[in-house]
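User: I'm new to this one, so let's take it a question at a time. Could you show me the structure to begin with?

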Amino acid sequence: MGASAAITIYCITAARYLTVVRSDQSRAQRILTFATVPLAAIWSLTFMRVLRWYAMITVGRLGWGTREKVEITAASVTAGPEPSDEFVELFNTIRRP
């Protein structure tokens, strides 16, 4: 009973696929998109629900988001090539009032 009610709600909310007309989508594409709504509802109610529960249970495990070692340090980054004498001279003439 609960699953059929959930799928019905998904279909009602997906009615916009049939009512909203876009210039880059044909009528057949809109109908096909609407026809896949029950499959998307079943997918969401089964696999995605379990995945959401797992995410909520493991939210405190943040070790995967940090690194043990930093590969690039400030000392290893170079400033780039030195500017040419012509550039420095031009820059200094522009900078002077």
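User: Which helix holds both Phe87 and Phe91?

Analyst: This is a predicted model, where local features need pLDDT of at least 70, side-chain atom pairs count only at pLDDT 80 or more, and totals for chains, interfaces and linings use all residues. Residues are numbered from 1 along each chain as its sequence is written, and side-chain values use heavy atoms, with hydrogens and water left out. Helices (H or I, at least four residues) and strands (E, at least two) are DSSP runs, numbered from the N terminus. Phe87 and Phe91 are 4 residues apart, about one turn of the helix, and the one they both lie in, residues 85-95, is H5.

User: How do the rings of Phe87 and Phe91 pair: stacked, edge-to-face or tilted?

Analyst: Rings of Phe, Tyr and Trp (its six-membered ring) pair if their centres lie within 6.5 Å; planes under 30 degrees apart count as stacked, over 60 as edge-to-face and the rest as tilted. That rule gives 2 aromatic pairs here. For Phe87 and Phe91 the ring centres are 6.4 Å apart and the planes sit at 20°, so this pair is stacked.

User: Is Phe91 buried, partly exposed or exposed?

Analyst: Buried means under 20% relative accessible area, exposed over 50%, and partly exposed in between (1.4 Å probe, protein chains only). Phe91 comes out at 41% relative accessibility, so it counts as partly exposed.

User: How many helices does the protein have?

Analyst: Reading from the N terminus, the elements go α-α-α-α-α. There are 0 strands, and the helices come to 5.

User: How are H1 and H4 set to each other: parallel, perpendicular, antiparallel or oblique?

Analyst: Axes are lines fitted to C-alpha atoms, for helices over the stretch in contact, and angles run from 0 to 180 degrees between N-to-C directions. The axes of H1 (residues 2-13) and H4 (residues 37-57) come within 9 Å and cross at roughly 130°. Angles under 35 degrees count as roughly parallel, over 145 as roughly antiparallel, 65 to 115 as roughly perpendicular and the rest as oblique. H1 and H4 are therefore oblique.
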